[in-house]
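Dear colleague,

Please find below the structure that I am handing over to you. My notes on what was found in it follow directly after.

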Amino acid sequence: MGSFEALSNRALDTEVPVMVKIAELSLEGAMPLGQGAVYWQPPQQALEKVKQISFEPSSSRYGTHEGLPELIEGLTIKLQSENKLCRPSIMVTSGSNQGFLNLVLALCDVNDSVVLFAPYFFNAYMAFRMTGISNIIVGPSDPESLLPDADWLMRTLTEVKPVPKLVSIVNPGNPSGTCMPQSLLERISEICKDTGSWLVVDNAYEYFVHDGSKHYCIDGKHVVNLFSFSKAYGMMGWRVGYATYSPQAEGLRTQLLKVQDNVAICAPMISQHIAFQCLKAGKDWVQERVQTLKRNKELLVEAISPLGEGSIKGGGGAIYLWVSLPERFPDDVEVVSWLAQRHGVLLLPGSACGVPGCIRITYGAVKEAECELAANRLKKGLEELLKDGMAN
């Protein structure tokens with residue numbers, strides 16, 4: 001038997017991560033408008049503190065499964081005061097992606113069905129596939145606002161038997177950048193509650209709201225909220241996120257502890273200490289930096305102007321623009337590859353999020369001067385694409 005035949009079908013049936021594909025396109029000097037990241041580092045006081053903490057023996061030992069006690073205490077205060085979540089139970093994870101994987105392993109069996117809305121977060125789709133879940137029901141979003149279709153969800157959760165085990169949404173949206181109105185979030189929650197489905201809400205971009213938009217959270221014993229330090233505090237490489245759920249969710253804590261012990265045991269202790277220091281800097285520190293992205297967004301909106309009015313959807317939150325390509329260029333992967341190789345800009349193909357013919361553009365990973373360079377390259381590339389196609 002060859003090695004390929006010895007590999008798991010679960011892994012073989014999962015697409016190669018789109019970020020791996022983008023990395024393979026990377027050329028020297030290419031501008032990173034594909035991967036979701038921010039240009040800043042954690043607060044200076046947090047980085048200074050880690051110098052001291054790194055020499056403490058506890059930083060090299062295993063921590064508790066649920067997280068550093070002082071971090072849990074700080075997160076509890078934050079969740080209650082900012083997110084209006086009552087009596088939250090918390091598990092700190094190695095990024096919110098691990099938190100999502102923990103939940104899939106704790107809540108879902110391979111024969112369960114689950115629900116996502118297109119355009120969806122590609123890592124959520126991959127987490128289902130990697131754990132053997134093949135019945136992934138992808139629902140529609142409004143073509144203009146990119147908000148999930150709650151009427152469709154009602155019909156689906158009512159008609160599909162057995163009822164889908166889990167519904168996953170992202171607010172603000174990744175890749176759409178759409179902020180969900182409180183009324184829609186509440187309706188989706190009620191639908192899930194009434195039909196017996198779990199609702200998992202990814203709030204990684206809770207502080208990234210623009211142009212008068214607002215982020216809302218939802219509570220309930222059928223709801224699990226995910227959060228991340230990665231984007232808000234520039235902690236992408238430190239890998240800290242957290243899941244929070246109601247203590248009334250009977251049995252969930254025990255199952256999450258089983259998964260945590262076999263996946264990570266605990267999030268890295270040194271990273272949890274930095275996260276605790278970041279909490280002290282707080283929301284205002286993050287929002288000051290989010291404001292600096294306004295000009296980046298403007299530059300890239302102008303760069304996309306050759307595609308015409310209406311090509312950009314969403315964008316009221318997060319760090320993304322969702323862009324429709326002209327109909328004569330349906331292969332978004334080919335367009336992304338051509339723009340990378342010929343014009344030195346890295347974008348994300350919409351097909352990775354379940355919607356071919358679109359691209360996701362990130363405006364958080366570079367400072368303004370770099371973004372201006374990237375925008376000039378992108379605009380030149382799009383003008384050439386419309387005029388001459390990808391013949392060169």
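Two residues are in contact when they have heavy atoms within 4.5 Å of each other. Leaving aside neighbours within four places in sequence, V286 is in contact with Y207, A232 and Y233.

Please note that this is a predicted model, in which local features need pLDDT of at least 70 and side-chain atom pairs count only at pLDDT 80 or more, while totals for chains, interfaces and linings use all residues. Residues are numbered from 1 along each chain as its sequence is written, and side-chain values use heavy atoms, with hydrogens and water left out.

**Helix α10**

Helices (H or I, at least four residues) and strands (E, at least two) are DSSP runs, numbered from the N terminus. V286 is found in helix α10. With 0% relative accessibility, V286 counts as buried; the terms are buried for under 20% relative accessible area, exposed for over 50%, and partly exposed in between, with a 1.4 Å probe and protein chains only. Although V286 and K231 are 55 residues apart in sequence, their C-alpha atoms are 9.2 Å apart in space.

**Nonpolar cores**

A nonpolar core is a set of buried Ala, Val, Leu, Ile, Met, Phe, Trp, Tyr and Cys residues joined through side-chain atoms within 4.5 Å. The largest one has 81 residues, of which F208, F229, Y233, L300, I361 and L378 touch the most other members. Helix α10 (residues 269–291) gives the most to this core, with eight residues. A second, separate core of 25 residues includes M91, A124, V200 and L256.

**Cavities and pockets**

On a 1 Å grid over the protein atoms alone, a cavity is a set of points where a 1.4 Å probe fits but cannot get out; a pocket is an open set with protein on both sides within 12 Å along at least five of seven lines; and lining residues have an atom within 4 Å of a point. Grid points are joined across faces, edges and corners, and a volume is the space filled by probe spheres set on the points.

The structure holds three cavities of 30 Å³ or more. The largest cavity contains about 180 Å³ of space. Among its 17 lining residues, F117, P119, P148, I169 and V170 are the closest to its centre. Strand β5 supplies the largest share of this lining, three residues.

The largest pocket contains about 660 Å³ of space. It is lined by 32 residues, and N97, F121, F122, N123 and R239 are the closest to its centre. Helix α6 gives the most to this lining, with six residues.

**Backbone details**

Most residues other than glycine have a negative phi, and most peptide bonds are trans. A cis peptide bond joins N171 and P172, with omega about -10 degrees, and another joins N174 and P175, with omega about 25 degrees. K84 has a positive phi, near 60 degrees, and is exposed, with a relative accessible area of 60%.

Yours sincerely
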